[in-house]
Amino acid sequence: MSALALDYRYRYLQPSQLAPARRESSTHALQLATFSASQEPHPYFFTGQLANPKRTAQMLRGLMQIVRARFHVPAAMLEGILMLADPVVTCSDARLRFEGFSSCCGVYARVDLLPDALHGETFGRGTTNVDFNEPMLNALATVRDTDDVSISVGSDRVALSKNSETVVEKQVQLPFRWLKGLVEVQACQARMQLVHEVAGLQARRFFKSLPRMNTSRRETFIVAAGKGLRLSQVAAPQAVRVGGLQRLQVLEGLASQARLLRIYTDAITGASGWELIFEDSRFHLVISPEVWRGFSGEGQALQSLASSNFHDATSAIHAQLKWQAVIDIEHLAKRVDYPRDIIRGALTVLGSRGLVGYDLGAAAYFHRELPFDLSQVEKLQPRLKNARKLIAENKVRVGKQSAEQTEVFVTGSGVEHRVCLTADTAKCTCPWYAKHGSTRGPCKHILAARTLLEEDAGE
C-alpha cells in the first residue's frame, strides 16, 4: 500500500464458531474469540442467551459486510486490497457494542445489543477485537428465530487449560489513515442533528425503492414524502445529502423488523448517520459525504487536539471513565471542576484518541478504548504537526486586534497568509481554505493562529 501502515498481528486462542451445544439439537453456542493487546488470554466479557438470535445474526453479518467492503477503489490499489481488521466489541452496563470501519475509510457501522437483547451474566468490562471468520459468518446465515443460541464473548482460560489449544493468527496492515478515520468519525457524529424519523414500514419501502446501479457520481438528497421518504435531485430544507446510495444497501435487509429509522446529518461536513431501532437493539451506519471521501482526512478534531485549554480537563475526565455505556456530562460536571463546554471539548479529544465512542441515539459519548496502539494518532496529524512547526519557526505574528476580530499573519512559501478570527468563524487566504473552507476542519494556518493566541493568553 502506498500509505503509511502499521503491521499488526491478531492472535486468537481459538477460532470463533457457532456450534450445536448438543447433537441433533436447535441449541447453539455463538463463541466469539477475542484478542487483547496484552500477552494474557482475554477472559470472558459476557456469556448468555440471545433473545432474538436471527436478528442479531443478521446485524452481525451486516456489520461484517461493511468491514469487508471497499466502496471506493483507486485504480493503483485495485490489486492490493487487504482485509484490514476484525471488528471490536465493548462490554459495559449489561450491553454489547460491536464496531467496524470499512477499509476505504468512508463507512462506519455499529451494532448495539441492549440489556433486553441478552439474558446472561457480565463478567467484565472492556473493549477487544473479535475474530469473525468465514465459517462462522456462514453459520450465522442459517440461524432461525426458533433456534436457541447462547453467546460467549471472550476465551475461557480454565476451559483452554483442559483442552488442546488452537491458535488463530491474522497478520494485517492497518493503514494510519484507517486508524485516523475510525477515531475521527466520533467528532463528526457528535455534531449531527436528527433530520428524519420514520416508522419501520416506511423505512423498508424507502430502501426497496433505491436504485441498484452505482450512484457514486450522482448528487442525491433524502427528503420527506408524507409519512415516508423519497429521493430528490434538488437540495431543499430538511434534506439529507447522500453520495453513493449503494452504501445504504446493508440497511435494506435489516429494516424488515425495525421499529424506527432515524436519519442524522452533519451540517459542516455533509456526512449522514442512519440508526435502525429495534425493541432490544440498534444498528448504526455513518457514511461520508462522498464515496471517495474518507473520514481520515476530515480533521474535525484538530482544533481540540491543538488547544491547550483541554489538556488538564482531558486527564481529569479520563480518570472518571469506568466503561460507562452513556457518559453523562451533567454528572461529570459535578465530579470535575470544569465548565460543560470544556468537558465537551475534552471528550472530543478523548474520541480522537480512541478512548470514547459516540452514540447518536443517546446523543452522548460512551467509554471504550480501541485495542490498538493509538499513541501515535495525534502525531500522525500533518496539519497539526505543521501548525506547531510554524509557531516554532516564528512564522506566525499577530496583527490588528479588536473586540470583534483578530488578524494573524502566517508566513508560507514565498507568501504571507492572512487569518481572520472571530468568536464564531475563522478564515484564511491560503489555497487549501479556498478549496475546502471549514468542511474539513481548520487549515494549518488557522490552527497555528489559534494555538499562538491561546499560548499568549496563558502567559
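Visitor: What should I know about the model before I start?
Guide: This is a predicted model, in which local features need pLDDT of at least 70 and side-chain atom pairs count only at pLDDT 80 or more, while totals for chains, interfaces and linings use all residues. Residues are numbered from 1 along each chain as its sequence is written, and side-chain values use heavy atoms, with hydrogens and water left out.

Visitor: Let's begin inside. Which residues touch the most other members of the largest nonpolar core?
Guide: First the terms. A nonpolar core is a set of buried Ala, Val, Leu, Ile, Met, Phe, Trp, Tyr and Cys residues joined through side-chain atoms within 4.5 Å. Buried means under 20% relative accessible area, exposed over 50%, and partly exposed in between, with a 1.4 Å probe and protein chains only. Here the largest core has 55 residues, and L96, F207, W274, L276, F283 and L285 touch the most other members. Helix α1, residues 53-67, gives the most to this core, with seven residues. There is also a second, separate core of 37 residues, which includes M192, V349, L350 and L370.

Visitor: How are helices and strands named?
Guide: They are DSSP runs numbered from the N terminus: helices are H or I with at least four residues, and strands are E with at least two.

Visitor: Which residues is F207 in contact with, leaving aside its neighbours within four places in sequence?
Guide: Contact means heavy atoms within 4.5 Å. For F207 the partners are R212, L248, L251, E252, A255, L261, W274 and L276.

Visitor: W274 keeps coming up. Where does it stand?
Guide: It stands opposite L285 in β19. In general, strands of a sheet pair through backbone hydrogen bonds, either parallel or antiparallel. Two strands pair if DSSP finds at least two bridges between them. Six bridges join strand β18 (residues 272-277) to β19, and the two run antiparallel. β18 and β19 form a hairpin with three residues between them.

Visitor: How many bridges join β8 to β19?
Guide: Strand β8, residues 107-113, is joined to β19 by seven bridges, again running antiparallel. On this side, D112 stands opposite R282 in β19.

Visitor: Is β19 itself enclosed or open?
Guide: Seven of the seven residues of β19 (residues 281-287) are buried, so the strand is largely enclosed by the rest of the structure. S281, F283, L285 and I287 point one way, R282, H284 and V286 the other way, and all are buried.

Visitor: And A109, is it buried or exposed?
Guide: A109 lies in strand β8. Its relative accessibility is 0%, so A109 counts as buried. Not counting residues up to four places away in sequence, A109 touches L63, I66, F98, E99, G100, F283, H284 and L285. The C-alpha atoms of A109 and W274 are separated by 9.4 Å, although the two residues are 165 apart along the chain.

Visitor: What angle do helices α8 and α10 make?
Guide: Axes are lines fitted to C-alpha atoms, for helices over the stretch in contact, and angles run from 0 to 180 degrees between N-to-C directions. Helix α8 (residues 311-320) and helix α10 (residues 340-352) pack at about 75 degrees, with their axes 9 Å apart. Angles under 35 degrees count as roughly parallel, over 145 as roughly antiparallel, 65 to 115 as roughly perpendicular and the rest as oblique. α8 and α10 are therefore roughly perpendicular to each other.

Visitor: Which residues make the contact?
Guide: A313, T314, I317 and H318 come from α8, and I342, I343, A346, L347, V349 and L350 from α10. Ala, Val, Leu, Ile, Met, Phe, Trp, Tyr, Cys and Pro count as nonpolar, Asp, Glu, Lys and Arg as charged, and the others, Gly among them, as polar. The contact residues divide into eight nonpolar, two polar and no charged.

Visitor: What is the strand order in the open sheet of four strands?
Guide: The order is β22-β23-β24-β25, with antiparallel pairing. The edge strands, each pairing on one side only, are β22 (396-401) and β25 (426-428). Neighbouring strands are turned by 20 degrees against each other on average, direction ignored.

Visitor: Finally, where does A363 lie?
Guide: A363 lies in the loop between β20 (356-359) and β21 (364-367). Its phi is near 50 degrees, a positive value in a residue other than glycine. At 55% relative accessibility, A363 counts as exposed.
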